[in-house]
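Subject: Structure handover

Hello,

Here is the structure for you to take over. My notes on it follow below.

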Amino acid sequence: MTQLSPLPFGPLDGRTAHLCIDMQNLFAEDTPWHTPWMKRVLPAVIEIAERHAAQTVFTRFIPARHPDELPGSWRRYYRRWSDLTLERIDRQLLELVPPLARLAPPAAIVDKRVYSPFTEASLLGLLRERGTDNLVITGAETDVCVLAAVLDAIDLGYRVVLVSDALCSSSDETHDALMTLYWERFSEQIETAETASILAAWSS
C-alpha cells in the first residue's frame, strides 16, 4: 500500500473506468433469478456511479430469444429457464434498476448475451477508445457474471479493483468463497477495497 493511497498498487487516475455488472430489474425484483443482496449493495454502486458517471459502463444480461437460440449447454440452460427468454419475459426486467438507469447517459450501456461482457467487441472498443487501464468493478453476481468479467479483465491486462461492499450474489456461501479466491489467489492482479477507500483513491 502506498503512502498516498488506500489501495495496494496506488491511486486511480483518469485512465480508470467503473464497470458495473448487470444491476438490472431482472435480478432486483421477485423473479426466478432474484438476487436479494442487490438492494443492500445498491447504495454503494450508486455512490460510485454518480461520482464517476461519465466513466461508468453498465452491462445488461440479455437472455436468449428462445431456448434453442444459443449453442451447446446454453440450450439446456434456457430450457430450464424458458420463462425468462426474450419471447416470454417482461422486457422491463432487462432494464437497469431506476437509480442507475437515470445515469445513462453520460454512463454507457453494453448489452451481453453470456456471462462475460468482454465477449462484446463494443466494450473493448469503448475501453480502448477511452484509454482505460484500470477497472473498478461492481455488480452481480460475484460468483457468476462478475467472476467471468474479472478473469477476462485479468487476461486482457487490466488493473482490477473490486468494490467489496458493492458486489452481490444470491448465494452467501459462494460469494464468500469467491471473495476469498480473489484475495488469496489473485493478490498481484486483483485489489479489493470498500467504496469509501476506492473513491478516496480515485483522483478524477
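A salt bridge here is a side-chain nitrogen of Lys or Arg within 4 Å of a carboxyl oxygen of Asp or Glu. Under that rule, D13, R15 and D133 are joined in a network of salt bridges. Please keep in mind that the model is predicted.

**Salt bridges**

The count comes to eleven salt bridges. The background is simple: side chains of opposite charge can pair when their charged atoms come close.

Take R51 and E47 to begin with. Their closest N and O atoms are 3.9 Å apart. That falls within the 4 Å cut-off, so the pair counts as a salt bridge. Both residues sit in helix α2 (residues 38-51), four residues apart, which separates them by about one helical turn. R51 is partly exposed, at 49% relative accessible area. E47 is partly exposed too, at 37%.

Next, R113 and E69. This salt bridge has its closest N and O atoms 3.0 Å apart. R113 is in the loop between β3 and α5, while E69 is in the loop between β2 and α3 (73-80), so the pair ties together parts that are 44 residues apart in sequence. R113 has 27% relative accessibility and counts as partly exposed. E69 is partly exposed as well, with a relative accessible area of 34%.

Then D83 and R88. The closest N and O atoms of this salt bridge are 2.8 Å apart. D83 and R88 are both exposed.

R51 has another point of interest. L199 is 148 residues away from R51 in sequence, but their C-alpha atoms are 8.3 Å apart in space.

**Helix α5**

Which residues of α5 are buried? In this helix (residues 121-129), they are L123, L124, L126 and L127. They span an arc of only 160° around the axis, which puts them on the same side of α5. On the other side, A121, R128 and E129 are exposed.

What do the buried residues of α5 pack against? The partners are β1 (16-21), β2 (56-61), β3 (108-112) and β4 (134-140).

After α5 comes G131, with a positive phi near 70°. T132 is in the loop between α5 and β4. Its relative accessibility is 8%, and T132 counts as buried because the limit is under 20%. Leaving aside neighbours within four places in sequence, T132 is in contact with R15, T16, A17, L127 and Y158.

**Largest pocket**

About 250 Å³ of space lies in the largest pocket. It is lined by 18 residues, and the closest to its centre are F27, W33, Y77, E141 and V144. How does the lining divide by class, and how many residues are in each? There are ten nonpolar, five polar and three charged residues.

**Backbone points to check by eye**

Most residues other than glycine have a negative phi, and most peptide bonds are trans. Here are the places to look at with that in mind.

- A104 to P105: this peptide bond is cis, with omega near -5°. P105 is in the loop between α4 (98-101) and β3.
- P105 to P106: this peptide bond is cis, with omega near 15°. P106 is in the loop between α4 and β3.
- D22: its phi is positive, near 55°, and the residue is not a glycine. D22 lies in the loop between β1 and α1 (25-28). D22 is also buried, with a relative accessible area of 1%.

Over to you.

Best wishes

How values were computed:
Residues numbered from 1 in each chain as written. Predicted model: local features only at pLDDT ≥ 70, side-chain atom pairs only at ≥ 80, totals over all residues. Heavy atoms only, no water. Buried < 20%, exposed > 50% of the residue type's maximum accessible area, 1.4 Å probe, protein only. Helix = DSSP H or I, 4+ residues; strand = E, 2+ residues; numbered from the N terminus. Arc of directions from axis to C-beta. Contact = heavy atoms within 4.5 Å. 1 Å grid on protein atoms, 1.4 Å probe; cavity = no way out; pocket = protein on both sides within 12 Å on 5 of 7 lines; lining within 4 Å. Points joined across faces, edges and corners; volume = space filled by probe spheres on them. Nonpolar A, V, L, I, M, F, W, Y, C, P; charged D, E, K, R; others polar.
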